[in-house]
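Visitor: I would like to go through this model with a few questions. Please show it to me before we start.

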Amino acid sequence: MRPTNSELLRGIVHTLNTVIMPDLRSPWPQMVTLMTSRLLEHLIAREEGLAPTLRARIPELRALLANVAPAAAALEAKTHAGDADASLDALVREDDALHVALEILLASEASRAPALLARIDALLAAEARAEPPLYERLVKA
Amino acid sequence: MSVNVTAERLSEIVKAPVENLFRIPGGFSKETFLFDALHSDGTRESLVLRRDLPAGPSQTTVVDEFVVLRAVHRAGIPAPEPLRVEPDASVLGQPFLLMRRVAGSADAGGKPREVGLDLARLLARLHSLDPAQLDAGFRAIPRDAVECADLLVDHWHTIWLAKKLEPAPILVRAFGWLRANRPERVSRISVVHTDVGMHNLLVQDGRILALLDWEFARVGDPADDLGYARPHVEKLIAWPEFLAEYYAHGGPPYQEENARWYEIWRSVRNAVCCTAGLAGFVSGENLQVNQALVGIGLYRQLCAEIIERIGREK
């Protein structure tokens with residue numbers, strides 16, 4: 001459907017920034033409008049960047065969890081990472097389920113093993129480093 | 001119940017006409033308004049109203065903050081004089097406190113060394129108060145370093161479990177790290193403010209007139225305050241000079257290893273605050289967009305910092 005969600009959102013952001021903002025005189029409404037604009041930009045980033053981010057990290061999460069007993073149940077469902085037709089909702093659900101498994105793993109005795117903990121830390125750090133394109137506009141507000 | 005703060009409503013509260021009402025932009029856990037009350041004798045009183053947010057991210061209330069503020073003000077710490085607290089949310093939508101406005105600005109104003117030294121003296125005095133004698137309503141007075149840490153970790157872990165909206169392995173990892181690496185020694189059990197920086201100081205002519213925002217004040221490890229203040233201090237004065245002044249006025253020894261633990265703890269606490277604010281937004285209790293912005297953006301940034309810092313501590 002055209003315009004796409006992103007195209008519509010860009011128009012709304014443009015209007016907020018070029019029509020509404022310049023006419024505001026009080027700091028609080030200015031700040032709220034800026035934050036609203038940034039949230040809409042975040043929606044654009046989600047629309048365009050979340051699915052590729054999840055497709056990239058789901059296989060890495062699965063690989064980490066594959067050999068660890070407390071997390072194995074999370075791997076039973078079929079993965080959506082390589083399915084070009086998978087919806088964003090399906091990817092988010094799978095990603096969430098894998099992160100729940102990771103939480104369970106971290107709370108288990110198994111995670112006391114230094115080598116495994118180092119792998120988990122490295123994966124979490126890599127995830128955190130990969131996310132800024134989705135969130136950086138919010139932080140800058 | 002959403003109630004706008006207007007000059008008319010404030011006039012009813014202070015029983016005097018109100019002018020120059022101004023909402024301070026920024027601040028995510030409370031709303032702050034400045035205004036002048038015009039009394040019948042012709043005097044003008046500059047006041048500050050600080051109001052809780054519904055489902056506030058900090059999970060603190062001005063009702064408790066008022067008691068702390070009153071105690072430290074009476075003890076001679078430069079802090080705004082609290083005038084009234086209203087715990088009844090029906091009066092203005094949420095509990096609020098009124099305090100006297102203090103002059104000055106959050107700017108060293110060309111006298112960074114004087115401000116740095118004054119901050120050292122202020123913190124030394126704060127950290128020398130006897131928490132048991134202060135009547136500040138502190139819920140717990142820990143006995144040692146481990147209890148200082150446990151009280152914090154348990155409290156914020158409970159809040160996090162109650163508010164979390166989605167899986168967050170970084171915070172599971174962080175709470176585990178905090179429990180496994182608690183500081184073992186504390187140089188003194190003190191009153192700590194935990195948010196000491198230029199953003200919470202009112203300064204005039206090189207002197208600190210007030211330390212603001214006491215919502216997170218509690219009894220704990222002075223390394224918490226010192227570690228947090230250090231980056232702010234180092235923009236004003238060399239750290240050794242600051243510490244020399246701090247020690248000269250009775251401050252306890254600075255334990256850098258403790259400060260590093262508190263640095264990670266603080267990021268975890270702030271990430272939990274972001275989570276709580278976002279939970280309020282999602283539930284509809286507090287639909288202000290700043291809660292969503294912080295709950296998504298700042299939260300992710302804090303999580304990235306936490307996992308990076310834990311990696312550095314290994």
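Guide: The questions below concern a sheet, its helices and a chain contact in this predicted model.

Visitor: In what order do the five strands of the open sheet in chain B stand?
Guide: The pairing in this sheet is antiparallel. From one strand to the next the twist averages 20°. The order in chain B is β1-β2-β3-β5-β4.

Visitor: Which strands of chain B stand at the edges of the sheet?
Guide: An edge strand has a single partner, so one side of it is left without a neighbour in the sheet. In chain B that applies to β1 (18-23) and β4 (82-86).

Visitor: Which residue in β2(B) does F22(B) stand opposite?
Guide: β1(B) and β2 (residues 30-38) of chain B run antiparallel and are joined by four bridges. The residue in β2(B) opposite F22(B) is L34(B).

Visitor: Which helix of chain B lies across β2, β3, β4 and β5?
Guide: Helix α1 (residues 7-14) of chain B lies across β1, β2 and β3 (44-52), at about 120° to β1(B). The helix across β2, β3, β4 and β5 (96-100) of chain B runs at about 160° to β4(B). That helix is α2 (residues 62-74) of chain B.

Visitor: Which element gives the most to the side of chain B that touches chain A?
Guide: 24 residues of chain B are in contact with 26 residues of chain A. The elements of chain B that give two or more residues to this side are α6 (169-180) and α10 (289-313). The element that gives the most, with 15 residues, is α10(B).

Visitor: How many nonpolar residues does the side of chain B that touches chain A have?
Guide: By class, this side of chain B also has five polar and five charged residues. The number of nonpolar residues is 14.

Notes
Residues are numbered from 1 along each chain as its sequence is written. Chains are lettered from A and ligands numbered from 1 in the order in which they are written. This is a predicted model: local features need pLDDT of at least 70, side-chain atom pairs count only at pLDDT 80 or more; totals for chains, interfaces and linings use all residues. Two strands pair if DSSP finds at least two bridges between them. Axes are lines fitted to C-alpha atoms, for helices over the stretch in contact, and angles run from 0 to 180 degrees between N-to-C directions. Two residues are in contact if their C-beta atoms, placed from the backbone, lie within 7 Å. Ala, Val, Leu, Ile, Met, Phe, Trp, Tyr, Cys and Pro count as nonpolar, Asp, Glu, Lys and Arg as charged, and the others, Gly among them, as polar.
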